[in-house]
Amino acid sequence: MVARVFTPERPGSRDTRGAWRTVDVAAGETARADLGGKGRAVVGRFVLPAGVRPGAVFPYVGQSLQRVGAGIPYPPGLDEGRREEWLRSWLETEEGRAYDDSQIAVDTNILPDGTFRVEDVLPGRYRLRAVAHEPGKGGAGSVGRPAAEADVQVIVPGASGGDQDRPFDAGAIEMKPFRAGR
């Protein structure tokens, strides 16, 4: 796997990955991977529900923008073990490699005020998820119990007229109080 790695701007963050690709590299050969450069930024803001204390923390776990596409075409009637074996083989096919290359899941780098910016997003349908936690009892960025969540679909259009530098604004995304087991 080859990925762009960055350090998010939120408190208590650790390095995370941006665009990534799986690449097969044969011994003694050179392999190339396209990590983007053809998309546009997606921006927006998560809005906390009433009753969530100020200072909510958006830790690195639970925050993502993930491409939604066609699923894996499992043949019917396979048990779990045979499904895994079939999947490994299918991912070696041209169709499987194309599917694998189309899968995108990146950290959204949500800041303490709920704003986010994800660079280089290709046009398509995405699942945008976030979980906000109460501030923990430790220092800045420490995480307490989950307080709010959002899980929405966003359609990112292509940039019209070559205006790839203008971000797509997903707007204000209302979060719901967190409910375990949902």
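**The pocket and its surroundings**

Mentor: The chain exposes about 11100 Å², and carbon and sulfur atoms supply 51% of this surface. Such areas come from the Shrake-Rupley method with a 1.4 Å probe, and for residues only the protein chains shown count as cover. This is a predicted model, in which local features need pLDDT of at least 70 and side-chain atom pairs count only at pLDDT 80 or more, while totals for chains, interfaces and linings use all residues. Residues are numbered from 1 along each chain as its sequence is written, and side-chain values use heavy atoms, with hydrogens and water left out.

The confidence of the prediction deserves attention before any detail. The chain has an average pLDDT of 81, and 80% of its residues score at least 70; pLDDT is the predictor's confidence in each residue, from 0 to 100. Confidence is highest in strand β9 (residues 168-174), at a mean of 95, and lowest in strand β2 (residues 16-21), at 62.

The secondary structure consists of two helices and ten strands, arranged along the sequence in the pattern β-β-β-β-α-α-β-β-β-β-β-β. Here helices (H or I, at least four residues) and strands (E, at least two) are DSSP runs, numbered from the N terminus.

Let us now turn to the second largest pocket. Rolling a probe the size of a water molecule over the atoms shows where empty space is left. On a 1 Å grid over the protein atoms alone, a pocket is an open set of points where a 1.4 Å probe fits, with protein on both sides within 12 Å along at least five of seven lines, and lining residues have an atom within 4 Å of a point. The second largest pocket holds about 260 Å³ of space; grid points are joined across faces, edges and corners, and the volume is the space filled by probe spheres set on the points.

Twelve residues line this pocket, and those nearest its centre are Arg129, Ala130, Glu149, Ala150 and Asp151. Strands β7 (124-135), β8 (143-156) and β9 each give at least two residues to the lining. Strand β8 contributes the largest share, four residues. By class, the lining contains six charged, five nonpolar and one polar residue. In this scheme Ala, Val, Leu, Ile, Met, Phe, Trp, Tyr, Cys and Pro are nonpolar, Asp, Glu, Lys and Arg are charged, and the others, Gly among them, are polar.

Leaving aside neighbours within four places in sequence, Ser142 is in contact (heavy atoms within 4.5 Å) with Val57, Glu134, Pro135, Gly136 and Lys137. Ser142 also lies 10.0 Å from Ala56, C-alpha to C-alpha, although 86 residues separate the two in sequence.

Pro59 counts as buried because its relative accessibility is 13%, where buried means under 20% relative accessible area, exposed over 50% and partly exposed in between (1.4 Å probe, protein chains only). In helix α2 (residues 94-102), Asp100 is partly exposed at 23%, and its C-alpha atom is 7.5 Å from that of Thr22, 78 residues away along the chain. For the chain as a whole, residues 24 or more positions apart account for 69% of the contacts with a separation of 6 or more.

The loop between β5 (105-106) and β6 (115-121) holds Thr108. Thr108 is buried, with a relative accessible area of 0%, and beyond four places in sequence it touches Gln63, Ser64, Leu65, Phe116, Arg117, Val118 and Leu128. Asn109, found in the loop between β5 and β6, is buried at 9% and has a positive phi of about 55° although it is not a glycine. Asp120 in strand β6 likewise has a positive phi, near 60°, and is buried at 16%. Buried residues make up 31% of the 182 residues in the chain.
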